[in-house]
Each structure stands twice: as structure tokens, then as C-alpha cells.
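Work through the exercises below with the coordinates loaded. Each task is followed by a solution in steps.

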Amino acid sequence: MKFSTLLWIARWSLVIAGVGLSATAVLAENTEPSFEPRFIDVNGIRTRYYDIGKGEVIVLVHGSGFRGSASADLWAPVFPYLSKNFRVVAADKLAAGGTDNPKDDKDLNIHGEIRHTFEFIQAMKLDKIHLVGQSRGAGLALFLAHQNPSLVKTLTLVNSNTAAPVYGYDDLRRARALAACGKAGSFEYYICTIRTFSYTPDNVTPNFVAITKALDETQKSVDSKRRKAALGSDEVEFSEWKAGVLEQIRQRGLLKMPILLYWGQNDPTAVLEQGISLFDVLGINNPNVRLMVINQAGHFPFREYPAEFSHDLESFIKKQQTAQ
């Protein structure tokens, strides 16, 4: 299987206006309805989420985690596009945004996030979903699909260190990129991260900043000691666990659903080489894996080019349905 036959290169210059947000709702500019957040109990965890549109279900999983500023509102620019033809469900992850912290610190890790997301999907009575994750959320989506393959019709992974094999010195590369962002964990650091990792920093709109700050101020933050568990007991443990999962997938071809890897060419942290490495792992035993590379886009291509991303995702889903 040649990589060249499965690599789609998209080179667009389309610039779309950002989606306006407020502290209590996500309001899509240029559309009539406002998108109001809802809440559901997920095994005792009050979970904040959006549920928009009708049709087959797309579940969006945001990146970052364990801070009030990280939330499903990151996906807001694609809501008005995807909800035209799909039911779009996007929740704040465990201990992020408006979702409660876990009752036990042992769940402050990727495994706790996976379990909470799966239980959220069950609580919502969703089945046969199109699962989409970005960054840390893409790692969550990949591992959830690995554990529950019958649940996922298609899997889309966007710019993710967490999902992809290690390439070079990931931590050093990230640290250098964020050197000017100040203290990690703060609201200002989170906003600076999005700007720094974007090719077009103006995707961080004033309204997005406002709702992010409101969530950060109202959510009881997880302190730094508790957040040490964010990737397992330590980075080495998580890296070894992830390597084992990827090797299982590579050797045994465990993920058979159609998979789209969607990568910004100019991401300074989850570099394109990682996307290609992940493609090699997932595609060796699965002919339905595609890699799309978006030129002049960073870590958040769905925010930089929401109309293009939504069109590409919908086209991928429809093409796979036609092939079946």
C-alpha cells in the first residue's frame, strides 16, 4: 500500500469568520438559532454538552483537559455547518469546562477521560457514531474506538501528539513553542497555546476568549498536584501504554472502521511527520485510512477553516457510506 495513493493534499485560501460565543451559550454568527449548552448526569458526574441538529450522530471530543478553560466550545465554529446534515454532540471532558471533577483522583488520567466519554455516550443512548477528536481528544477517541470498535462507524483524528507515535523530542518542541506563554495551567496560558499553535491566530475571537474565561472562573480547577496524573501516573507509563496499543493495532489490524487523519501542515507541536507515522500504523491493515494535509493550518484546522473542515468531514463520511 503506497502512501501516495492515500494522501489527500488540500490547499485552500478560504477564510471564514469565527463563531461568536457568550458565557451562557454558543451563538453562531450568520445563523438564526443559538446553541445552548445542556447538562446530564454521567454516573454522578454533572457533564456539560451541546446537542445540535438531526441525523447520524457526530461526537466531537475537544483537546487539552483538566482545566475549566478547555471545553467543547473549541468546536463552536463547525457547529452551524455540521448540524445542517448531522446530529452534533460535543461534551466537556472530565474535569474540563463545565463538567465536574472526578470523585477520585485515580480518574485524573487518560483512562478516566476515556471511561467518562464512553459513559456519556451510553447515557445519551448513542450508537454507531462518527467519532471525531482533536489533540488529546484524538488520543481519547483512538483509544475509545480501540476498546469499543462496534460503537464507531468512522473515526477522525485531528493533529494529535497523544494519538500519534513519538517523533523526535515532543516535549522540547512543545516547550520551545510555548516559551512566551507564561505559567502553564492558567486561562491566559490556554489562550496563548491556541494562538501559538495556530497558523492564523485570529481564529481566537473575542467571544471565544470571553466564554473561555467565564468557564475558567466558574469551574473548580484541578490543582497542579492532582493534574500530575493527567497522562497516567507519569509520562513514561503513558508512553509505554500507548506504544503497546499502537503495536496491537499495527500487528493485528484491530481498527477496521474508516479512519480519517486530518492534519495542519504548519502545526508546531503535533508535526506532520507524526501524522504520517500514525497513518503507517493504522493503514497497514486497513485500506480505509486516509490522511488529509491542510496547507497554511496549525493545530486547530477546524477553527482556522471551519467550512472547509466540515465539508471534508462530511464528504469523507458520505464516501464511506457509499462504498458500503
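## Exercise 1: charged pairs in helices

The side chains of Glu314 and Lys318 form a salt bridge, with 2.8 Å from N to O. The model is a predicted one.

**Solution.** 
1. Glu314 has 13% relative accessibility and counts as buried, because the limit for buried is under 20%.
2. Lys318, at a relative accessible area of 40%, is partly exposed.

**Task.** Describe the salt bridge of Glu247 and Arg250 and its place in the fold.

**Solution.** 
1. The two side chains meet at 2.7 Å, N to O.
2. Both Glu247 and Arg250 belong to helix H8 (residues 235–252), where they are three residues apart, about one turn of the helix.
3. Glu247 is partly exposed at 29% relative accessibility, and Arg250 is partly exposed at 31%.

## Exercise 2: a salt bridge between separate parts

**Task.** How many salt bridges are counted, and which parts does the pair of Lys153 and Glu56 tie together?

**Solution.** 
1. The count is ten salt bridges.
2. One of them joins the side chains of Lys153 and Glu56 at 3.1 Å, N to O.
3. Lys153 is in strand S9 and Glu56 is in the loop between S5 and strand S6 (57–61), so the pair ties together parts 97 residues apart in sequence.
4. Lys153 is partly exposed, with 27% relative accessibility; Glu56 is also partly exposed, with a relative accessible area of 31%.

## Exercise 3: the disulfide

**Task.** Identify the disulfide, give its handedness and locate its two cysteines.

**Solution.** 
1. The count comes to one disulfide.
2. Cys181 and Cys192 are the partners, with S to S 2.0 Å.
3. The angle about the S-S bond is -70°, and the link is left-handed.
4. Cys181 lies in the loop between helix H4 (170–177) and H5, and Cys192 in helix H5, so the link ties together parts that are eleven residues apart in sequence.
5. Cys181 is buried, at a relative accessible area of 9%.
6. Helix H5 (residues 187–196) also holds Arg195, which is partly exposed with a relative accessible area of 38%.
7. Not counting residues up to four places away in sequence, Arg195 touches Pro201, Val204 and Val209.

## Exercise 4: strand S5 and its partners

**Task.** Determine how strand S5 pairs with S4 and S7, and whether the residues of S5 are mostly buried or exposed.

**Solution.** 
1. Strand S4 (residues 38–42) and S5 run antiparallel and are joined by five bridges; Arg46 in S5 is the bridge partner of Asp41.
2. S4 and S5 form a hairpin with two residues between them, and Asn43 in the turn has a positive phi of about 50°.
3. S5 and strand S7 (residues 87–91) are antiparallel as well, with four bridges; Ala91 in S7 is the bridge partner of Tyr49.
4. Seven of the eight residues of S5 (residues 45–52) are buried, so the strand is largely enclosed by the rest of the structure.

## Exercise 5: positive phi in loops

**Task.** Where are Asn159 and Gln296 found, and are they buried or exposed?

**Solution.** 
1. Most residues other than glycine have a negative phi.
2. Asn159 has a positive phi of about 35°, and Gln296 one of about 55°.
3. Asn159 is in the loop between strand S9 (152–158) and H4; at 0% relative accessibility, Asn159 is buried.
4. Gln296 is in the loop between strand S11 (289–294) and helix H10 (301–304); with a relative accessible area of 36%, Gln296 is partly exposed.

Note on methods. Residues are numbered from 1 along each chain as its sequence is written. This is a predicted model: local features need pLDDT of at least 70, side-chain atom pairs count only at pLDDT 80 or more; totals for chains, interfaces and linings use all residues. Side-chain values use heavy atoms; hydrogens and water are left out. Buried means under 20% relative accessible area, exposed over 50%, partly exposed in between (1.4 Å probe, protein chains only). Contact means heavy atoms within 4.5 Å. A disulfide is a pair of cysteine sulfur atoms within 2.5 Å. Two strands pair if DSSP finds at least two bridges between them. A salt bridge is a side-chain nitrogen of Lys or Arg within 4 Å of a carboxyl oxygen of Asp or Glu.
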